[in-house]
Amino acid sequence: MVLTAKIKNVLDSLKSPSKADLKDALILLDIKLEDLVHLPEPTEGKPYNRKLLYKNDEVELLVMNWSQLECAPHDHGNSHGWIQVISGTSLNSVYEVKGNSLPKELFYQYHHKGQYFYAPKKAVHKMKASNKTDMVTLHLYSPPISGMIVYDLQKCAACVVSDDCGAWWPDEQYQKVKEIKLNAKSNK
């Protein structure tokens, strides 16, 4: 209950937070793995299971417990935010998307326990736990994510997913808000 009050106290005051405001809030929260009780186990066949810790009209705070699977390349709709590695090591791949073409991987980075990395609006990335580590990540976005696009590089398709779908191709038809056929050739 102490953590919930602390989160509410820090995040309630954020109004149209900037990149710096969001990072400052995450640092101020100073959440550790031992603070996260009742962490959801990773769902079989999915890259992670998530738990919503806080949400209002301005921000949402999620914790994700990762399996050894990678998520699909995705954006965060019109949201931006910070990801903090609470435990383990993240392998984060960043993509470029030009028009209606397949995303092209630009680079990847490792982020270790205690590190933060920024997710700009409309930026496309994918993540996975690196080196068989037990990875837990904290995600603070503004505004709360809506209209996330998930890419399936094998199907040469993209899909705007419902707010209850994670960064994977939807299992349920209702989670596919809009399916998009992509051009197989990337624009170079």
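**Reading strand pairing and side-chain contacts**

Tutor: In this predicted model, Leu-91 has Tyr-110 of β5 as its bridge partner.

Student: How do I read strand pairing in general, and in which sense do β4 and β5 pair here?

Tutor: Strands of a sheet pair through backbone hydrogen bonds, in either a parallel or an antiparallel way. Here β4 (residues 89-96) pairs with β5 in the antiparallel sense, over 8 bridges.

Student: In what order do the strands of the open sheet lie?

Tutor: The order is β5-β4-β7, 3 strands with antiparallel pairing. β5 (104-112) and β7 are the edge strands, each pairing on one side only. From one strand to the next, the twist averages 20°.

Student: Take His-125. Where is it found, and is it buried or exposed?

Tutor: His-125 is found in strand β7 (residues 124-129). Buried means under 20% relative accessible area; His-125 is at 7%, so it counts as buried.

Student: What does the side chain of His-125 make a polar contact with?

Tutor: The side chain of His-76, at 3.4 Å. Leaving out residues up to four places away in sequence, His-125 also touches others, including Ile-83, Asn-92, Val-94 and Tyr-95.

Student: And where is Glu-70 found?

Tutor: Glu-70 is in the loop between β2 (60-66) and β3 (80-87). Its relative accessible area is 40%, so Glu-70 is partly exposed.

Student: Which residues does Glu-70 touch, leaving out those up to four places away in sequence?

Tutor: Pro-47, Lys-126, Met-127 and Lys-128. With Lys-126, Glu-70 has a side-chain polar contact of 3.2 Å.

Technical notes. Residues are numbered from 1 along each chain as its sequence is written. This is a predicted model: local features need pLDDT of at least 70, side-chain atom pairs count only at pLDDT 80 or more; totals for chains, interfaces and linings use all residues. Side-chain values use heavy atoms; hydrogens and water are left out. Helices (H or I, at least four residues) and strands (E, at least two) are DSSP runs, numbered from the N terminus. Buried means under 20% relative accessible area, exposed over 50%, partly exposed in between (1.4 Å probe, protein chains only). A polar contact is a pair of N or O atoms within 3.5 Å; within protein, one must be able to donate a hydrogen and the other to accept it, and residues adjacent in sequence count only if both atoms are side-chain atoms. Contact means heavy atoms within 4.5 Å. Two strands pair if DSSP finds at least two bridges between them. Axes are lines fitted to C-alpha atoms, for helices over the stretch in contact, and angles run from 0 to 180 degrees between N-to-C directions.
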